Amino acid sequence: MTTRWLTPEEQRAWRAYVAGYLLLEDAIDRQLQQEAGMPHLYYSILANLSESPERRLRMTDLAESLKITRSRLTYAVTRLEKDGLLRREDCRWDKRGSVAVLTEEGMAALERLAPGHVETVRTGLFDRLTPEQVRQLEEIFTQVVAGFQEDGEALPEELPWRRRSSGCSGSS
């Protein structure tokens with residue numbers, strides 16, 4: 001098999017993407033750590049639950065929404081549960097599954113953190129782009145996501161939320 005090396009233009013684009021992503025993620029994490037002592041992933045869990053009907057989601061659906069492994073989600077949810085920001089319930093329609101539910105405390109924390117988070121995202125990304133670039137960014141990453149989920153290139157078990165670690169049970 002012949003390696004399809006990146007062209008110089010592709011290499012520059014790739015490196016710019018990686019540098020930009022890492023810097024933006026670091027800025028978001030620092031802001032959330034300073035304001036709430038939580039990483040971006042924990043905030044994303046709370047935000048996803050806040051946008052769901054009845055502020056609840058099956059754990060496997062939440063993992064898929066966040067594009068993370070079920071074991072990583074289980075670890076984060078356990079921490080958020082200890083902090084009283086969410087709780088887990090048995091899934092009524094699937095005895096093997098569980099549901100994450102945003103608590104009132106979790107919603108209050110999210111409402112307190114959202115303005116600073118949005119400002120960090122806005123100043124770190126959107127204030128630097130034209131409206132046309134924002135549209136292009138959405139198109140580009142919609143296409144990237146679709147390529148992993150729809151064209152058959154990625155087998156179901158290769159998707160992060162379908163992976164199991166050696167110690168993970170089916171209850172997530």
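Visitor: In what order do the elements of the chain run from the N terminus on?
Guide: From the N terminus on, the elements run α-α-β-α-α-β-β-α-α, and in this predicted model the chain has six helices and three strands.

Visitor: How much of the chain is buried?
Guide: Of the 172 residues in the chain, 33% are buried. The chain exposes about 11600 Å², and carbon and sulfur atoms supply 53% of that area.

Visitor: And what share of the contacts comes from residues 24 or more positions apart?
Guide: Among contacts in the chain with a separation of 6 or more, 58% are between residues 24 or more positions apart.

Visitor: OK, helix packing next. At what angle do helix 2 and helix 5 pack?
Guide: Two packed helices are described by the angle between their axes and by the distance between those axes. Helix 2, residues 40-50, packs against helix 5, residues 104-124, at an angle of about 115°, and the axes are 10 Å apart.

Visitor: Is that crossing left-handed or right-handed?
Guide: The crossing of helix 2 and helix 5 is left-handed.

Visitor: Which residues meet there, between helix 2 and helix 5?
Guide: On the helix 2 side they are His-40, Tyr-43, Leu-46, Ala-47 and Ser-50, and these meet Gly-106, Met-107, Leu-110, Leu-113, Ala-114 and His-117 in helix 5.

Visitor: Switching to charges: how many salt bridges are there?
Guide: The count comes to ten salt bridges. In general, side chains of opposite charge can pair when their charged atoms come close. One of the bridges joins the side chains of Arg-56 and Glu-89, at 2.6 Å from N to O. That pair links distant parts of the chain, with Arg-56 in strand 1 (residues 56-58) and Glu-89 in strand 2 (residues 86-90), 33 residues apart.

Visitor: What else does Glu-89 form a salt bridge with?
Guide: Glu-89 also forms a salt bridge with Arg-87, where the closest N and O atoms are 3.0 Å apart. Together with Glu-54 and Arg-56, these two residues are linked in a network of salt bridges.

Visitor: What about Arg-135, which residue does it form a salt bridge with?
Guide: Arg-135 forms a salt bridge with Glu-132, and the closest N and O atoms are 2.2 Å apart. Both residues lie in helix 6, and because they are three residues apart there, about one helical turn separates them. Arg-135 counts as partly exposed at 36% relative accessibility, and Glu-132 counts as partly exposed at 38%.

Visitor: Last topic, the nonpolar surface patch: which residues make it?
Guide: The patch, of about 900 Å², is made by Leu-6, Trp-14, Tyr-17, Tyr-21, Leu-22, Ile-140, Phe-141, Val-144 and Phe-148.

Visitor: Which helices each supply at least two residues of that patch?
Guide: Helix 1 (8-36) and helix 6 (131-149) each supply at least two residues of the nonpolar patch. Leu-22, for one, has its place in helix 1.

Visitor: Why does Leu-22 count as exposed?
Guide: Leu-22 counts as exposed because its relative accessibility is 51%, and the label applies over 50%.

Conventions: Residues are numbered from 1 along each chain as its sequence is written. This is a predicted model: local features need pLDDT of at least 70, side-chain atom pairs count only at pLDDT 80 or more; totals for chains, interfaces and linings use all residues. Side-chain values use heavy atoms; hydrogens and water are left out. Patches are made of residues with over 30% relative accessible area and no salt bridge: like charges are joined within 9 Å, nonpolar side chains (Val, Leu, Ile, Met, Phe, Trp, Tyr) within 5 Å. Accessible areas come from the Shrake-Rupley method with a 1.4 Å probe; for residues, only the protein chains shown count as cover. A salt bridge is a side-chain nitrogen of Lys or Arg within 4 Å of a carboxyl oxygen of Asp or Glu. Helices (H or I, at least four residues) and strands (E, at least two) are DSSP runs, numbered from the N terminus. Buried means under 20% relative accessible area, exposed over 50%, partly exposed in between (1.4 Å probe, protein chains only). Axes are lines fitted to C-alpha atoms, for helices over the stretch in contact, and angles run from 0 to 180 degrees between N-to-C directions. A crossing is left-handed if the near helix is turned anticlockwise from the far one by less than a right angle, and right-handed if clockwise. Contact means heavy atoms within 4.5 Å.
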